[in-house]
Amino acid sequence: MKSDPNKLLRYTPFERANHWLVAITFILLALSGLVFFHPAFYPLNQLFGGGVWTRILHPFLGLVMALSFGVMFFSYRKLNLMTPTDRAWLSHVREMVDGDDRNMPEAGKFNGGQKLLFWLLVACMVLLILSGIVIWRAYFAFLFPAAVIRFASVVHAVAATVINALIIFHIYAAIWTRESIDAMLYGQVRRAWAKQHHPAWFREMTGGGK
Ligand code: HEM
């Protein structure tokens, strides 16, 4: 593909494919998880071939998401280390939401909000994976006492509720920050977008904004 001089590469094709694999498995996990969560959501089992298939597929989908999120974790962990600038960014975020971004400290590739979200997602993922293994009846649950399985079920439900709220927020923020969807769909963003939303990253990518 010919590179457009007005655009900057934000995500490689591999990063994008992996992100969408995480996103698709996440949605399938949320839908199949709701089936076990409350009888009102039980009809959703039809999407997965019935109750038994939903039970079988949910943990395997979880494995796919855990592995692809693991790839994301190792790719982005260094970029998401919090700096004093990110903390200052977070303390000004209200002004930005109210439409005034003049006092926003300069964000790098990811801003303070994206970094905070990243670490909250990591925490939820770790809890979901560990508790998910304990409650995976077919292969692991028999290794644990009943009280541990009960506790792990609660941890799993709470972490799932929190991560659903985080992802709803993530999608809202991706739509609210116009054109950021382009980054994940096409890999490239306009230089003006980068300069406005991630000025420190823009300078890094352009050698000082020339
Ligand atoms: C349909 C659902 C989703 C949509 C529409 C979506 C959209 C996006 C977009 C547009 C970006 C680029 C933001 C930027 O470059 O500034 C992004 C980045 C990212 N997404 Fe998603 N995403 C979805 C689901 C998920 C899920 C399920 C996870 C993890 C559990 C996730 C984790 C991330 C991470 C870690 C990044 C990089 C930094 C960040 O923006 O936080 N996304 N997503």
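This is a short tour of a predicted model, stop by stop, for following along in your viewer.

Before you start clicking, residues are numbered from 1 along each chain as its sequence is written. Since the model is predicted, local features need pLDDT of at least 70 and side-chain atom pairs count only at pLDDT 80 or more, while totals for chains, interfaces and linings use all residues, and side-chain values use heavy atoms, with hydrogens and water left out.

**Stop 1**

For reference, ideal angles for six octahedral donors are 90 or 180 degrees.

Now colour helix 1 (residues 13-37) and helix 6 (residues 146-176): H19 sits in the former and H170 in the latter, so the pair ties together parts 151 residues apart in sequence. Helices are DSSP runs of H or I with at least four residues, strands are runs of E with at least two, and both are numbered from the N terminus. H19 is buried, at 13% relative accessibility, whereas H170 is partly exposed at 32%. Buried means under 20% relative accessible area, exposed over 50%, and partly exposed in between (1.4 Å probe, protein chains only).

**Stop 2: salt bridges**

There are four salt bridges in the whole structure, each a side-chain nitrogen of Lys or Arg within 4 Å of a carboxyl oxygen of Asp or Glu. Go to K115 and D86, whose side chains meet at 2.6 Å, N to O. K115 is in helix 5 (residues 112-134) and D86 in helix 3 (residues 84-91), so this pair links distant parts of the chain, 29 residues apart. K115 is buried at 7%, and D86 is buried too, at 4%.

Next, pick R102 and D100, with their closest N and O atoms 3.0 Å apart. R102 is exposed at 71%, while D100 is partly exposed at 22%.

Then try E179 and R190, bridged at 2.9 Å, N to O. R190 belongs to strand 2 (residues 188-190) and E179 to the loop between helix 6 and helix 7 (180-186), so the bridge ties together parts eleven residues apart in sequence.

**Stop 3: a cavity and a pocket**

Show F14, E15, N18, V71, M72, S75 and Y76, which line the largest cavity. Its volume is about 40 Å³. Helix 2 (51-76) and helix 1 each supply at least two of the lining residues. On a 1 Å grid over the protein atoms alone, a cavity is a set of points where a 1.4 Å probe fits but cannot get out; a pocket is an open set with protein on both sides within 12 Å along at least five of seven lines; lining residues have an atom within 4 Å of a point.

Finish at the second largest pocket, which has about 1100 Å³ of space. Select F36, H58, G132, I135 and H156, the ones nearest its centre among 35 lining residues. Helix 2 gives the most to this lining, with nine residues.

Definitions and conventions: Grid points are joined across faces, edges and corners, and a volume is the space filled by probe spheres set on the points.
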